[in-house]
Amino acid sequence: MKTPNDRTSQASQQDELVDFLRQLPKAELHVHIEGTLEPELMFTLAERNGVSLPYRNVAELRAAYDFQDLGSFLELYYAGAQVLITKQDFYDMTWAYLQRAHEDGIVHTEIMFDPQTHTRRGIALETVFAGIADALRDAHRRWGLSSRMILSFLRDLSEQDAFITLNKALPLRQEYGDLWTAIGLDSAELGNLPEKFVHVFAQCAHLGFRLVAHAGEEGPAEYVHNALDVLHVERIDHGVRSEEDPALLHRIIDNRIPMTVCPLSNIRLGVFPSMADHSVVRLLRRGATVTLNSDDPAYFGGYLVDNFLACVTELGLTRDECRQLARNSIQASFLPDDAKQALLSAQTAEQAYQHNTVL
Ligand code: HPA
Ligand code: ZN
C-alpha cells in the first residue's frame, strides 16, 4: 500500500519531470491551428458571433469527443471551426495556442491551417491569414517564439479546389510570405491518395514552397511511398504505418526523412489500440528522425509536453531520448540553418545548466 509520503515523492518526481520537459527548447511541427480551439473559447466565440452549437455547455461538448476514427473526429472538428468568423476570432484562437506553446517551452512552431474549411463558409482568406499572422508576429515580439504557416489542402476535396485555394492565396504572399512558406495535405486519408494532388504540389514546389503531407496515419505504407515519390514532400506527417513496410522504413531512416508523430492523437483516433502499442519509441531507437507533436490538442487531450509525458511514463522514453526528440524537431524544421544552430546551442547551454544544478 502507498503511504502519503510515497505519494508526495511521486508527485514531486512528476513535477520535476514536467519541469524538465518544459525547459527543453523544442519545435512543434505538426499542429492544426483549428484543432487548438478549446471548448471554452468555442463557446465564447459562438456567443460573440451568434452561432448556435448543438451542445448546452462545455461539459456536453467535451463528452462528445469520443472518436472512433479519423472520420468521426473530422466531423466534429469542421463543425467546431464554424464559430470562427472574424479576424479577431482567428487571432484569439492562435494566441491561446501560442501562450500554451510558450509555457511548454516551444521556441518555434509550424502551424497548419485549412483555408477551405473557412472559404467554403464564406470567410475571406485574408481574414484567416491576418488573424493567424498577427498572433504569430505578436508571439515573436513578446517571447522570440518564431513560426511558419503551412497552408494545407483538404484531400477529400478535388485537386481543382486546391488550385482555386492556392490561386486565391497567392496575392497574400507579399504580405505574409515571411510566415507562409509551406504547403500541406490533410483531412480524410483513406481513398484520397497523394497522387490526386500531383499537379498542385508540383506547382507549389515550382513556386518555392516547402512541402509536407499527412500519410500513413490511417492509410497504408503505400501512401507514404507516394507522398515521397509523387508529391516530393520533405516531411511526412504521422507516417507511423511505415513500420509495416521494412523497405520503406529503411528508406526513411537512411535518408533522414522526418516524421511528425502525434502519439495522443493516434490513441484517440484508434491508430494504435493503446499507448503501450505505439511505435514512436521503437522508430526512434531504430534511428528514424521522429519528432513529437500534438496534432489537435484541444480534441486529443494534451499539448506537446503531455505527449512527451505519455511517452516517458508509458513507453519508457529516457531523458536523453527526450533531448534527441527536441533536437530532431529543430533540425527538421523549416528554419534557416543559422537559426537552427542558435536554437540547438541554446539547448546545449540549458542542458549544461541543468546538469550543473543537479550536481
Ligand atoms: N489527420 C488528418 N487531417 C487532420 C487531422 C488529422 O489528424 N487533424 C486535422 N486535420
Ligand atoms: Zn494532423
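# Burial, packing and a ligand shell

Student: Which is Cys262, buried or exposed?
Tutor: Cys262 has 28 other C-beta atoms within 10 Å. A residue is buried if 20 or more other C-beta atoms lie within 10 Å of its own, exposed if 12 or fewer, and partly exposed in between, with C-beta atoms placed from the backbone. Cys262 therefore counts as buried.

Student: What kind of model is this?
Tutor: Residues are numbered from 1 along each chain as its sequence is written, while chains are lettered from A and ligands numbered from 1 in the order in which they are written. Local features need pLDDT of at least 70, side-chain atom pairs count only at pLDDT 80 or more, and totals for chains, interfaces and linings use all residues, since this is a predicted model.

Student: Where does Cys262 lie?
Tutor: Helices (H or I, at least four residues) and strands (E, at least two) are DSSP runs, numbered from the N terminus. Cys262 sits in a loop, between β7 and α13 (263–268).

Student: Which residues does Cys262 touch?
Tutor: Contact asks for C-beta atoms, placed from the backbone, within 7 Å. Residues up to four places away in sequence are not counted. Cys262 then touches His30, His238, Asn293, Ser294, Asp295 and Asn307.

Student: What is the phi of His238?
Tutor: His238 belongs to strand β6 (residues 235–238). With 27 C-beta neighbours inside 10 Å, His238 is buried. His238 is not a glycine, yet its phi is positive, at about 75°.

Student: Which is Arg256, buried or exposed?
Tutor: Arg256 is in the loop between α12 (246–254) and β7 (259–261). Its phi is near 50°, a positive value in a residue other than glycine. With 12 other C-beta atoms within 10 Å, Arg256 is exposed.

Student: At what angle do α8 and α10 pack?
Tutor: Two packed helices are described by the angle between their axes and the distance between the axes. Axes are lines fitted to C-alpha atoms, for helices over the stretch in contact, and angles run from 0 to 180 degrees between N-to-C directions. The axes of α8 (residues 159–169) and α10 (residues 198–206) are 8 Å apart, at an angle of about 25°.

Student: How are α8 and α10 oriented to each other?
Tutor: Angles under 35 degrees count as roughly parallel, over 145 as roughly antiparallel, 65 to 115 as roughly perpendicular and the rest as oblique. So α8 and α10 are roughly parallel.

Student: Which residues of α10 meet α8, and how does the contact divide?
Tutor: Glu159, Ala162, Phe163 and Leu166 in α8 meet His199, Val200, Gln203 and Cys204 in α10. Ala, Val, Leu, Ile, Met, Phe, Trp, Tyr, Cys and Pro count as nonpolar, Asp, Glu, Lys and Arg as charged, and the others, Gly among them, as polar. From α10, then, come His199, Val200, Gln203 and Cys204, and the contact divides into 5 nonpolar, 2 polar and 1 charged.

Student: Why do the buried residues of α10 line one face?
Tutor: Val200, Phe201 and Cys204 are buried in α10. The arc is that of the directions from the helix axis to the C-beta atoms. Seen down the axis of α10, the buried residues line one face because they fall within an arc of 100°.

Student: Which exposed residues does the opposite face of α10 carry?
Tutor: The buried residues of α10 pack against β3 (146–154), α8, β4 (180–186) and β5 (210–215). The face turned away from that buried side carries His199 and His206.

Student: How far apart are Leu207 and Leu170 in space?
Tutor: Leu207 lies in the loop between α10 and β5. It has 11 C-beta neighbours inside 10 Å, so it counts as exposed. Leu207 and Leu170 are 37 residues apart in sequence, and C-alpha to C-alpha they are separated by 9.7 Å.

Student: How do the residues around ligand 1 divide?
Tutor: A residue is near a molecule or strand if its C-beta atom, placed from the backbone, lies within 6 Å of it. Around ligand 1 are His32, Gly35, Leu70, Tyr77, Asp186, Ser187, His214, Glu217, Ser265, Asp295 and Asp296. This shell divides into 2 nonpolar, 5 polar and 4 charged.

Methods
Two residues are in contact if their C-beta atoms, placed from the backbone, lie within 7 Å.
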